[in-house]
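Subject: Structure for your review

Dear colleague,

Please find below the structure that I am handing over to you. My notes on what was found in it follow directly after.

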Amino acid sequence: MEDELLAELAALRAQIGRDHDRAAAREQIIDRLHEDNQALRSGERRLLLQPLLTDLRRLRHELLRTAAGLPGEFSGQRAAELLRSYADDLELTLERGGVTVVSPAPGDPLDPSEHRASGAVPTGDPGLHGTVARVLLDGYRDHESGRVVTPAEVLVHHLAAAEEQEVEASV
């Protein structure tokens, strides 16, 4: 009788071990399916929002450009402040959509992974060579992946010979 109980107890332990292994395998499958589901949702969100985000980025740029060019007679300072506030609101909208603004400062080194050089500005200062002279258009980065969606368009300082600087100064 004791041998039978020991055998049944051993069989129950073996069964519990198999059940535990199956439960652990199910948990791994559930975790993998959850990760796959999250990746699909993220991709769908990008597909649905991409046209809207593109339009919002373009509108933000146009508002900033208009704000910088308003004449003083048109109460330019107030109008510029208003347009900048709209651009700030749009920046928040972009951030809610998972996009952050990449805006390098003049003097920052050119970073080809984040900036696109759209022209050169001659300089006689070797320390400025290869740095951002002016930002023409901000860039944008995907918040989740950290990947640059649109690089910032910049003018870059280029070390010029004295003759080039004289020609540039006379123009």
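A residue is called buried when its relative accessible area is under 20%, exposed when that area is over 50%, and partly exposed in between. Please keep in mind that this is a predicted model.

A7 lies in helix 1, and because its relative accessibility is 48%, A7 counts as partly exposed. R65 also belongs to helix 1; with a relative accessible area of 52%, R65 is exposed. V156, by contrast, is part of strand 6 (residues 152-159), and its relative accessible area of 8% makes V156 buried.

What surrounds V156, once neighbours within four places in sequence are left aside? The residues in contact with V156 are L110, A117, G119, A120, V121, G130, T131 and A133. P109 is 47 residues away from V156 along the chain, and the C-alpha atoms of the two are separated by 8.9 Å. For A7 and L137 the sequence separation is 130 residues, and their C-alpha atoms are 78 Å apart in space.

I turn next to the pair of helices. Helix 1 (residues 2-69) and helix 2 (residues 76-96) have axes that come within 9 Å and cross at roughly 160°. An angle over 145 degrees counts as roughly antiparallel, and the two helices are therefore roughly antiparallel to each other. Their crossing is left-handed. On the side of helix 1, the contact is made by L53, L56, R57, L59, R60, L63, L64, T66 and A67; on the side of helix 2, by A80, L83, R84, Y86, A87, L90, E91, T93 and L94. Of the residues in this contact, 12 are nonpolar, two are polar and four are charged.

Which residues make up the largest nonpolar core? This core has 10 residues in all: L53, L56, L63, A67, A80, L83, L90, L94, V99 and Y140. As general background, nonpolar side chains in soluble globular proteins tend to be buried together.

One member of the core, L83, deserves a separate note. Not counting residues up to four places away in sequence, L83 touches L63, T66, A67 and L70.

With kind regards

Key:
Residues numbered from 1 in each chain as written. Predicted model: local features only at pLDDT ≥ 70, side-chain atom pairs only at ≥ 80, totals over all residues. Heavy atoms only, no water. Axes fitted to C-alpha atoms, helices over the stretch in contact; angles between N-to-C directions. Helix = DSSP H or I, 4+ residues; strand = E, 2+ residues; numbered from the N terminus. Parallel < 35°, antiparallel > 145°, perpendicular 65-115°, else oblique. Left-handed = near helix turned anticlockwise from the far one by under 90°. Contact = heavy atoms within 4.5 Å. Nonpolar A, V, L, I, M, F, W, Y, C, P; charged D, E, K, R; others polar. Core = buried A, V, L, I, M, F, W, Y, C linked by side-chain atoms within 4.5 Å. Buried < 20%, exposed > 50% of the residue type's maximum accessible area, 1.4 Å probe, protein only.
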